[in-house]
Amino acid sequence: MADYILSENAAHGPDDGLSGAKLFESGDGLTYNDFLILPGFINFTSDEVDLTSNLTKRIALKAPFVSSPMDTVTEANMAIAMALNGGIGIIHHNSTAEVQAREIHKVKRYEQGFITDPIVLRPDNTVAQVYEIKSKHGFAGIPVTDTGRVGGKLVGLVTLRDIDFLQKDQFDTPIQQVMTPLSQLTTAPTGITLKDAYEILQKSKKGKLPIVNEKGELVSLIARTDLKKSRDYPLASKDSKKQLLCGAAIGTRESDKERLQLLVQAGVDVIVLDSSQGNSTFQIDMIKFIKQTYPELQVIAGNVVTVAQAKNLIDAGADALRVGMGSGSICITQEVMAVGRPQGSAVYRVSEYSRRFGVPVIADGGVSSVGHVTKALALGASAVMMGSMLAGTTESPGEYFFSDGVRLKKYRGMGSLDAMEKHDSSASRYFSENDRVKVAQGVSGAIVDKGSIHRFLPYLYAALQHGCQDAGAKSLAMLRSMMYSGELKFERRSTSAQVEGGVHSLHSYEKRLF
């Protein structure tokens, strides 16, 4: 019976674990691995969990996932895939303004099933070039226009059937001599629906359907293989014109104001002011400039890790804050500069302050598993920005290569010497564009092939739903509310507890997540 007798000082209620405030009151810097969320009460299924969350004051996402503005993570293909799956991509600015604006334009004019930037040839291109495209991209059904670009007058289509029987000594033949001419092509007008396009392809038994405007100019292309693979994306992030949402990063120099103008003309929805240390007069001035010049444009400011930093940017007019300094897998800011903050502490402190002003927080960095995503959101973040988690996917920029039999893609920090040497926009992020000696704040590495975003993000989405369910929260809004009320409980983890919480005591194992 003695086991069941409460001591005089014991609490008589089921008080177990620490509130968020208690977890961080010691002042120790905590990362995501330093604590766990204690389980709550479940009275709903995981698919009932609503993951809708604000990216900025005015933009909400159905999935709280943001791809980082890094040149090995986010260009148009990644941004399109992120938006289709409920998140958003932020196009990097380690390029010319024109190139960045072109990537935005690709995202904004994307229509599911329609190839808006197909490879196009001119009539004087050769058969050898068709084979080069086939070797590099895996297909050979290529439209031919008078200019060799989308927007040129369609004159024909060259397919493998047109060139199959040519000998190698005939590979310098101009394709206008072998292509299927316009008079024999099946085309469709702009504005056609996917359903109608599919019926045309079925009846014509063609593999490609060029879409042309009233002047006969090529607008886009539909491929039979793409239509067979197409599916609905109920979570897709879209603007009022039903176009996919897309963001872009810029710096805080005078030249970035010209870059910004091009991005706005391309249709950008949100701007990320890209700096490793956002608490500067340069960023404050840029926020004020954007708000005066483009008052409807949403601005994500940062990066910040302290309340003092957050206050200055919120006062300047920021619509959201990006939180993190030196916590990314390729970032060495904390090591080199001795400045930064452990990511768990940074997210909690800044979120707790910024929520009073209705300013959402985006947790940026330190995320290496879906559990870290859940923890970041439980600490008050509205969305999570990912770099290494998304690098290595099919949609990330770059080519795959093999090392020791493993399929890899290059991944580098924007503070690495590689990135800073490519374009000065990367150096400006670290206030280093005019430095005679560059001080690296990032490294270059490689990431294992993860497959397509269209498989990876649904896994993250479902896993996050399960995490919220285990915590007893039916939505992300409820998860944050529970944390601030003290209902959501946490517990510190010792080093031994962290080992115990991972895979251990096995001779060998295979870790397949989805």
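**Entry 1: K205.** I started at K205, which I found in the loop between α6 (194–204) and β10 (208–212). Helices here are DSSP runs of H or I with at least four residues, strands are runs of E with at least two, and both are numbered from the N terminus. This is a predicted model, where local features need pLDDT of at least 70, side-chain atom pairs count only at pLDDT 80 or more, and totals for chains, interfaces and linings use all residues. Residues are numbered from 1 along each chain as its sequence is written, and side-chain values use heavy atoms, with hydrogens and water left out.

I noted a positive phi of about 60° for K205, although K205 is not a glycine. Most residues other than glycine have a negative phi. K205 is exposed, at 66% relative accessible area (exposed is over 50%, buried under 20%, partly exposed in between, with a 1.4 Å probe and protein chains only).

**Entry 2: K242.** Next I looked up K242, in the loop between α7 (224–229) and β12 (247–250). K242 is not a glycine, yet its phi is positive, about 70°. With 66% relative accessibility, K242 counts as exposed.

**Entry 3: G302 to N303.** I checked this peptide bond and found it cis, with omega near 5°. Most peptide bonds are trans. N303 sits in strand β14 (residues 298–304).

**Entry 4: V339.** My last stop was V339, in the loop between α11 (333–337) and α12 (343–354). V339 is partly exposed, at 42% relative accessibility. Together with V336 and M337, V339 makes a nonpolar surface patch of about 210 Å²; such a patch takes residues with over 30% relative accessible area and no salt bridge, with nonpolar side chains (Val, Leu, Ile, Met, Phe, Trp, Tyr) joined within 5 Å and like charges within 9 Å. A salt bridge puts a side-chain nitrogen of Lys or Arg within 4 Å of a carboxyl oxygen of Asp or Glu. Accessible areas come from the Shrake-Rupley method with a 1.4 Å probe, and for residues only the protein chains shown count as cover.
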